[in-house]
Amino acid sequence: MPHFDLPLDRLRTHRSTSREPEDFDAFWAKTLDEARSHELAARFARMDTALTTVDVYDVTFAGFGGHPVKGWLVLPAGTREPLPVVVEFLGYGGGRGLPHTHLLWASAGFAHFVMDTRGQGSGWAGGDTPDPVGSGPAYPGFMTRGVEDPYAYYYRRLFTDAVRAVEAARSHPLTDASRTAAVGISQGGGIALAVGGLVPDLVAVAPDVPFLCDFPRAVTLTDRAPYREIATYLRTHRGRAEQVARTLAYFDGVHFAARGSAPALFSTALEDLTCPPSTVFAAFNAYAHEDKAIEIYDFNDHEGGESFQQAVQLRWLPRRLTG
């Protein structure tokens, strides 16, 4: 696939046309207040695994609506003092999977908290967290579940889970709450951006080829799922484009980026048809903190930098977590 989006010089100045709702902050403050009316009830059960270099805990905490959400906490073996913690969010369709697939950050000497994704976990990695909330008519997938109303939208629940995941990660006695980072790839990157806009005291955010950014452009530029789910919904539900755009504006990574208060490391790929580079640059260009950087992979699709990007993160993130 050749480069299909804006040329690089225009990407560096691209701004989204997504209109921020006037009550954006009030909407999220109310949402999180409601979630916090339920006890966090974070539980950490030590797992008996065959892994010798890490200690693993099976986590359950109360997310949106007090619903139980699962996760993993992975620590370097024998940890006795609180460590900086990396909270990771997962890509579209995946769940927390098995503990041995999450060794990178503990191997680098950090606590690593992996949040399961409600209702997903059946695509590329298994999950253990159901989504007990229904919705109106929706195209198969998650992008249109409840899209007729921001209060009913699926990602309201998921972003709230993510904020509560940070709180759960910080509640463990072997994590240093003052040194917390949010990371993720694709959907996980979009969630990390949301957390970066909703949690004011993170020390770093690393959204890798982030999804859920610049909805107005993404929905009309790419025909690849998951964004295509929205276009397919609108093809059937004619006349609802303005209503859907209003809902999506409450969940657009561009508006969370404008509230980013921690250093950030983005990445994008110039042949990415799933999360087109202009949508990533829209969030990057809107990102509020002056300490920000973006890695560009010229000839890659949605796989982005993969292990090369992890190597960049392994150089970048420790300076923020331990500095």
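This report describes helix packing and selected backbone features in a predicted model.

## Basis of the description

Residues are numbered from 1 along each chain as its sequence is written, and side-chain values use heavy atoms, with hydrogens and water left out. Because the model is predicted, local features need pLDDT of at least 70 and side-chain atom pairs count only at pLDDT 80 or more, whereas totals for chains, interfaces and linings use all residues.

Helices (H or I, at least four residues) and strands (E, at least two) are DSSP runs, numbered from the N terminus. Axes are lines fitted to C-alpha atoms, for helices over the stretch in contact, with angles running from 0 to 180 degrees between N-to-C directions.

Helix H5 contains 12 residues and spans 17 Å from its first C-alpha to its last, close to the 16 Å expected at 1.5 Å a residue; the expected span is 1.5 Å times one less than the number of residues. Because 12 of the 12 residues of H5 are buried, the helix is largely enclosed by the rest of the structure. Buried here means under 20% relative accessible area, exposed over 50%, and partly exposed in between (1.4 Å probe, protein chains only). The buried residues of H5 include Gly188, Gly189, Gly190, Gly196 and Gly197.

The axes of H4 (residues 154-171) and H5 (residues 187-198) come within 9 Å and cross at roughly 65 degrees. The two helices are therefore roughly perpendicular to each other; angles under 35 degrees count as roughly parallel, over 145 as roughly antiparallel, 65 to 115 as roughly perpendicular and the rest as oblique. H4 passes H5 in a right-handed crossing, a crossing being right-handed if the near helix is turned clockwise from the far one by less than a right angle, and left-handed if anticlockwise. In contact (heavy atoms within 4.5 Å) are Tyr155, Leu158, Phe159, Ala162, Val163 and Val166 of H4 with Gln187, Ile191, Ala194, Val195 and Leu198 of H5. By class, this contact has 10 nonpolar, 1 polar and no charged residues. Ala, Val, Leu, Ile, Met, Phe, Trp, Tyr, Cys and Pro count as nonpolar, Asp, Glu, Lys and Arg as charged, and the others, Gly among them, as polar.

## Helix H2 against H4

H4 also packs with H2 (residues 24-36), the axes coming within 10 Å and crossing at roughly 60 degrees. That angle makes H2 oblique to H4, and the crossing is right-handed. H2 contributes Phe27, Trp28, Thr31, Leu32, Glu34, Ala35 and Arg36, while H4 contributes Tyr155, Arg156, Phe159, Thr160, Val163, Arg164 and Glu167. The contact comprises 7 nonpolar, 2 polar and 5 charged residues.

## The H7 and H8 pair

The axes of H7 (residues 227-236) and H8 (residues 241-249) come within 10 Å and cross at roughly 150 degrees, which makes H7 roughly antiparallel to H8. Their crossing is right-handed. Ile230, Tyr233 and Leu234 of H7 meet Ala241, Val244 and Leu248 of H8, giving 6 nonpolar, no polar and no charged residues.

## Backbone features in loops

The peptide bond from alanine 225 to proline 226 is cis, with omega near 5 degrees. Proline 226 lies in the loop between H6 (215-221) and H7.

Alanine 41 is in the loop between H2 and strand E1 (43-46) and, at 39% relative accessibility, counts as partly exposed. Serine 186 is in the loop between strand E6 (175-185) and H5 and is buried, with a relative accessible area of 11%.
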